[in-house]
Number of protein chains: 2
Amino acid sequence: MVHIAVDAMGGDHAPAEIVAGAVNGARDLGIKVSLVGDPDAIKAELEKASPGDLIVDLIPASDVIRFNENPVKAVRSKPGASINVACRLVADGFADGVLTMGHTGAGLVSAKWFFGSIQGVERPAPIVPLLDLRKDLYLIDAGANTEVKPHNLLQFARMGAVYAQYTGGVNQPRIGLLSIGSEPNKGNKIVREAFALLEAAEDINFSGNIEGHDMLASDVNVLVCDGFVGNVLFKTIEGVIDSLLSQVEAILPKIPNLPSSLLKNHLDNLRTKNDYAAIGVAALLGLQRPVFIGHGRSKAVAVRNGLATAKRMITSNVLDVLRTRMEACI
Amino acid sequence: MVHIAVDAMGGDHAPAEIVAGAVNGARDLGIKVSLVGDPDAIKAELEKASPGDLIVDLIPASDVIRFNENPVKAVRSKPGASINVACRLVADGFADGVLTMGHTGAGLVSAKWFFGSIQGVERPAPIVPLLDLRKDLYLIDAGANTEVKPHNLLQFARMGAVYAQYTGGVNQPRIGLLSIGSEPNKGNKIVREAFALLEAAEDINFSGNIEGHDMLASDVNVLVCDGFVGNVLFKTIEGVIDSLLSQVEAILPKIPNLPSSLLKNHLDNLRTKNDYAAIGVAALLGLQRPVFIGHGRSKAVAVRNGLATAKRMITSNVLDVLRTRMEACI
């Protein structure tokens, strides 16, 4: 049975929404969840969630890392922080992976501290599918590494390809490099240099540069960029979907005799499918164990769906392939 | 009467769509248009467009700069290129501004060559409103300068504020810096350093960092970023709108008894309003004369609407204010 250590104290709505989502996840997905954090606070929330016979453990942690803290300093100075205790559970072999809606940087630092990176990976990077718009297109780096070197982008491409194939089920995934024109000389310096590296790499299926307006209509499966651009891009997509669907909904009252409730249901469904909460988390690729990070503002539904994303990756055994592949490229 | 020199040879659909759009623009907007390019080709298109009594001049140009050419080399080696002849018309005082759907880099180089930059502006930058989603939010740099220094971003902020106020009619425009978190220490190195400069600048109204999912719901009027990120962001918005509206349209047949034609009209209207062709061009701010650049794939409607954008900027006399403001900051 898949067993996930959940940082119950991480996120704007912790522990209430985290506990509620974790209980739903354990129930719906048939997994075991260890909730890590303040025992009293978690117990109070667990009572509301009435987990019944579900396998939901409580692992006490005495401290918490806040969003405004320096991640390296906080991880090192707070051994009892919930994210540290959760990562140690995984490092010690009690759980298969960690999920946190808390401080992303702290999650990364803690994971590196407790179980380290895969050999050949200089910078672990988060990967997410582009919502329901293109479920088979994965964005990497979705928001961790704001400064990269060209060879980091090549490593992201390799990791993304393995993830798209082994967890995403995409056959022979195609790689696109996010840029501002299709020609190899378009982009900034790092991207232009990365283009040459990607083109020369024989172990990936490189399709060249991909532009913002083409990515959804393209046939690529992995979109490679630095974490600054990736974060802006992903959050922009979220914002545009929200804003545009509101504009569509504002049309409805203008149509006389509209059987509106049915249409409204379809639109609500479209909104739900394209909400990041439907995926819940990004998988942080390149670490020795599975790590999943989500928005700080996540609610229970994002936690529940994040656990589904986590279960999918863990059961796919993608990390074994990733280890072999990345070590072969050293 | 506003008089715009149009590069009739620039763009994927030149000269046919350029001429057709220019004629429509002259008719609808009451402006004078000089079409610059191959006389025979333009004449043939003009006959189809039947401009009648409209003030549409034909200014011969013997050469053209293609999208795959090096802009500096091409501008210097082809004095008779349509973009050069168009810029010279403006430099010599015959026309008020230049519009091109051709090679953006060549347009910038040619404009710099013929009339130069405003004192105090190191890098001219294109500005566009975020479509109909947020008409009063202007993105600068929308795609020209892929490598910037922090002080370039400060200059973009100043130019954007003047444009938003004097051309866009926004009272006391608020400036946001595009980043990946609201705290000053979020972003990449350049953005973090730019944050300090923007915060220290007393002549602008700085609102701090703005994230991708917040920009449309925020109250900022100018969104500052480098041209790589700006181009990715703007084109991503275009792609998401297109994809999402297609998803909405795909719902319609599923609703029984839907008065669908009316709803379809509203959706078509939403698509048209949010199409970049509704704006047509970006204004290239920081040059001594008005320069407007659009997508290479522009059709007649984008040219027509681009001329409206151009007329608005030219009649607002924003460049006089910009000159004073930027020179004062040297």
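**Exercises: packed helices and paired chains**

B:Ile83, B:Asn84, B:Cys87, B:Arg88 and B:Ala91 of H4(B) touch B:Ala106, B:Gly107, B:Ser110, B:Ala111 and B:Phe114 of H5(B), where contact means C-beta atoms, placed from the backbone, within 7 Å. We're working on a predicted model, in which local features need pLDDT of at least 70, side-chain atom pairs count only at pLDDT 80 or more, and totals for chains, interfaces and linings use all residues. Residues are numbered from 1 along each chain as its sequence is written, while chains are lettered from A and ligands numbered from 1 in the order in which they are written.

**Exercise 1.** Sort the residues of the H4(B)–H5(B) contact by class.

Solution. You get six nonpolar, three polar and one charged.

**Exercise 2.** Work out how H6(A) is oriented to H7(A).

Solution. Start with the geometry: H6 (residues 150-166) and H7 (residues 189-200) of chain A pack at about 50°, axes 8 Å apart. So H6(A) is oblique to H7(A); angles under 35 degrees are roughly parallel, over 145 roughly antiparallel, 65 to 115 roughly perpendicular, and the rest oblique. Next, sort the contact residues: eight are nonpolar, one polar and one charged.

**Exercise 3.** Relate chain B to chain A.

Solution. Turn chain B by 180° with a shift of 0.0 Å along the axis, and it lies on chain A with an RMSD of 0.0 Å, superposed by least squares on C-alpha atoms of residues with pLDDT of at least 70 in both. The two copies are therefore related as by a two-fold rotation axis.

Key. Axes are lines fitted to C-alpha atoms, for helices over the stretch in contact, and angles run from 0 to 180 degrees between N-to-C directions. Helices (H or I, at least four residues) and strands (E, at least two) are DSSP runs, numbered from the N terminus. Ala, Val, Leu, Ile, Met, Phe, Trp, Tyr, Cys and Pro count as nonpolar, Asp, Glu, Lys and Arg as charged, and the others, Gly among them, as polar. Two residues are in contact if their C-beta atoms, placed from the backbone, lie within 7 Å.
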